[in-house]
Amino acid sequence: MDLEIGNQVAGVVSGALALATAVVAVRRHTRGRRGWWTSLRPVWQREADAGIVHPRRFGGYVKPLSEVYVPRRAVPRLAPSGDGVDVADLLTGAGNVLLIGEPGSGKTALVRYESARSARRWLAGRGRRRRSPAGPVLVSLPAAALVHQPLPAALAEAYPGEGAPLDVEQAPAPGRRWLVCVDALDAVADPDERAVVLNRLAELARSPGPAGTPRPWRVLVTTRHLAEDELAVLGDGYPAYHLAHFTDADVALLAARWFPDGATARQFLDWTRAQRITEPVHNPLTATVAALVWEGGQADAATGPGPAALLDEFVRALLRGGRASLDTACEALRRRPPDGGSVAAWLDTRHTDLVEVAATAAVAGGDPVAAVVDWSAAHAPAPPAAVLPDWPVHVRRILLATDLFRADRHALASVWPSLVEYLAAGPLARDWRPDEWVTLMNTSSARFVALQAISRAAVAPAFLRARLAEPDGAIAAGHLLAGRGTTGAGTPSFRADVLAALLTHWSGGPDGPAGRDAARECFSLLTTLAADRADRDLLHQIATDPQRPGDVRRAAALFFAVRTRNAHRARAGG
């Protein structure tokens with residue numbers, strides 16, 4: 001009997017040990033299978049907190065991006081019908097994507113919002129595949145990071161991780177791929193550097209992985225309008241879409257999410273109509289600025305109706321909020337005789353000028369602090385740096401205090417590029433020079449400064465009508481139409497005349513008076529504008545208008561034929 005009990009006890013003990021061993025083995029196996037989740041959790045925790053909330057509160061609380069974000073749609077660049085698609089569908093598709101948007105259209109907000117939303121969903125799954133979200137793992141980096149190194153190295157530097165850096169050469173999770181969001185391609189101001197980035201991106205689309213296997217990533221590139229030759233570099237590897245404007249319903253949804261109740265939201269919408277910015281607030285940046293100004297009680301401070309007055313008041317409020325840093329610098333100068341007092345008196349009235357100089361440098365890809373130091377040395381009664389040895393430090397503080405710039409690893413970077421461009425446009429807006437404006441409009445890195453300048457100067461775009469016979473005038477007018485969210489672009493008759501001029505210069509072909517490059521740029525602009533239904537309707541009217549010259553009507557018909565053919569080729573290639 002004792003022997004039987006002993007055998008039973010031994011069996012129970014051995015069974016318990018076997019069970020414990022099995023549990024430990026299963027846990028080790030599970031931990032090994034979920035190692036991908038453990039390694040990516042720090043990445044997701046960082047991305048989950050990301051969002052765009054402007055640091056200037058105007059005395060109130062600004063809701064996080066996740067609470068006010070309005071879902072976006074995009075229009076295929078070559079879609080014959082111009083029908084839109086949900087941007088969310090582009091994130092879970094099969095191939096690479098090029099997403100083109102005007103200044104302030106919300107490209108960076110989209111990347112940050114979707115990255116944060118994806119990260120929160122992956123964290124909620126806790127590594128269990130059945131609870132993990134569908135679709136890819138999102139990571140992002142600015143396009144400028146690809147100037148000096150290829151994408152894998154740039155991502156490893158951007159996401160160093162707690163142990164090994166992020167490795168996009170390996171699948172992020174079982175059966176999943178990366179979606180790498182390369183943001184702000186247009187912000188690479190130097191043409192040679194932008195060409196390097198374009199070629200790196202094009203090579204990613206052409207090159208398979210080791211042993212010919214597909215790469216474990218897709219790429220989403222965001223940019224403002226690119227020249228036709230730049231689009232050609234990316235080619236069929238990046239089907240292009242235009243980020244659609246806000247609709248009236250989108251603006252109403254933003255107001256409903258932003259303001260505490262429906263009555264306040266309706267008052268805000270009524271104010272946008274009274275302020276004559278109903279159309280401009282279809283641009284997300286303008287809509288956000290309008291909401292901040294309204295909520296901050298600054299709505300009555302605008303000097304007049306229109307988007308220029310709205311942005312002007314917003315920027316003035318930012319400068320007022322950062323004035324203390326300028327006053328501190330002036331006080332430090334006054335304590336440095338004999339020249340400090342005169343330099344301080346000079347600086348005291350040049351806050352806006354100082355920030356405009358910094359903005360101009362930032363737009364050109366330069367160092368804003370160095371630009372201000374050089375400018376002040378050339379124009380102040382005495383070089384401030386000779387009076388105040390730490391003058392560059394003061395300049396940096398003054399610029400950061402405006403909330404228009406943020407500290408980057410190497411120099412100051414723009415918080416909202418469109419607002420910085422607004423400031424850089426100040427000198428041209430005050431001293432309007434049409435010839436210089438046309439030149440800037442036809443220069444990629446300066447085009448959006450020119451758009452802001454014509455808005456601030458309140459110049460009617462009809463002055464371009466006499467220039468449409470020349471390719472540079474027609475192309476400048478075409479870019480003006482494409483930048484409709486930044487400034488008004490005239491009546492339908494003016495838009496139709498611009499479209500007709502672009503058709504004329506394009507139809508001449510590479511051997512025509514306009515030349516190859518101008519003809520390509522005219523076609524690129526026509527394609528961009530045709531993504532909008534109103535301009536597409538105008539082009540159809542031109543094709544059938546008996547009052548238009550025959551060559552213009554034939555060019556319009558040919559344009560639609562070429563556009564349809566290219567769309568079929570793009571679908572076949574995809």
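## Threonine 272

Leaving aside neighbours within four places in sequence, Thr 272 is in contact with Ile 277, Thr 278 and Val 281 (contact: heavy atoms within 4.5 Å). The model is predicted: local features need pLDDT of at least 70, side-chain atom pairs count only at pLDDT 80 or more, and totals for chains, interfaces and linings use all residues. Residues are numbered from 1 along each chain as its sequence is written, and side-chain values use heavy atoms, with hydrogens and water left out.

Thr 272 is buried, at a relative accessible area of 3% (buried: under 20%; exposed: over 50%; partly exposed: in between; 1.4 Å probe, protein chains only).

## Nonpolar cores

The largest nonpolar core has 107 residues, and Trp 437 and Phe 559 are among those with the most contacts inside it. Such a core is a set of buried Ala, Val, Leu, Ile, Met, Phe, Trp, Tyr and Cys residues joined through side-chain atoms within 4.5 Å. Apart from this core lies another, of 40 residues, including Trp 37 and Leu 204.

## Aromatic pairs

The whole structure holds 14 aromatic pairs (Phe, Tyr and Trp rings, the six-membered one for Trp, with centres within 6.5 Å; planes under 30 degrees apart are stacked, over 60 edge-to-face, the rest tilted). Tyr 69 and Tyr 113 are stacked, 3.9 Å centre to centre with 15° between the planes. Tyr 69 has a relative accessible area of 8% and is buried; Tyr 113, at 15%, also counts as buried.

Trp 437 and Phe 463 pair edge-to-face, at 5.6 Å and 70°. Trp 437 is buried at 0%, whereas Phe 463 is partly exposed at 24%.
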